[in-house]
Amino acid sequence: MGEHNTLGEQNTPQPARRVSAVVLPLLGLIAVIVGLIVAFSNQSTDFGFVAYAPLSDPLFLGNGVTMVSQASQVGLAVAVLGLIVLAFWAGLRIGRRGSHQNS
């Protein structure tokens, strides 16, 4: 990138890059926080379950069965999306830093 610079000239970042360097990780962090808040604030889920198995002798007890509400699923999906955005941003930053050192 800097091979066409003259002596003493510095390659300054463009304003759009400065904005994306702040906005992208901020959006990712907000998505992670909001997703976790939504996922873990809806802990109680009411449901009913009726099963009839006339030919089976053993009794089924659903110990350890966890039902996750739809709001918790959406919250976790938003948190994962935020983590993906943060990983993309980190990879972009590392890639830019590596390309500046190699030139």
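**Exercise 1. Find where V78 lies, and work out which residues it touches.**

Solution. Start with the element: V78 is part of helix α2, a helix being a DSSP run of H or I with at least four residues, numbered from the N terminus. Next, look at its cover. V78 has a relative accessible area of 31%, so it is partly exposed (buried is under 20%, exposed over 50%, partly exposed in between, with a 1.4 Å probe and protein chains only). Then list its partners: leaving aside neighbours within four places in sequence, V78 is in contact with A31 and G35 (contact means heavy atoms within 4.5 Å). Finally, compare sequence with space: V78 and V38 are 40 residues apart in sequence, while their C-alpha atoms are 9.1 Å apart.

Before you go on, a word on the model: it is predicted, so local features need pLDDT of at least 70 and side-chain atom pairs count only at pLDDT 80 or more, while totals for chains, interfaces and linings use all residues. Residues are numbered from 1 along each chain as its sequence is written, and side-chain values use heavy atoms, leaving out hydrogens and water.

**Exercise 2. Is S72 buried or exposed, and what does its side chain reach?**

Solution. Now follow the side chain, which reaches the backbone oxygen of A39 at 3.0 Å. S69 sits in the loop between α1 and α2 (70-102), and counts as buried because its relative accessibility is 13%. To finish, not counting residues up to four places away in sequence, S72 touches A39 and N42.

**Exercise 3. Describe the chain as a whole.**

Solution. Count the elements: the protein chain has two helices and zero strands. Then check the cover: 11% of its 103 residues count as buried. Last, turn to the contacts with a separation of 6 or more: 88% of them are between residues 24 or more positions apart.

**Exercise 4. Decide whether L27 is buried or exposed.**

Solution. Locate L27 in helix α1 (residues 15-41). Its relative accessibility is 52%, so L27 counts as exposed.

Methods: Polar contact = N/O pair within 3.5 Å; in protein donor to acceptor, adjacent residues only side chain to side chain.
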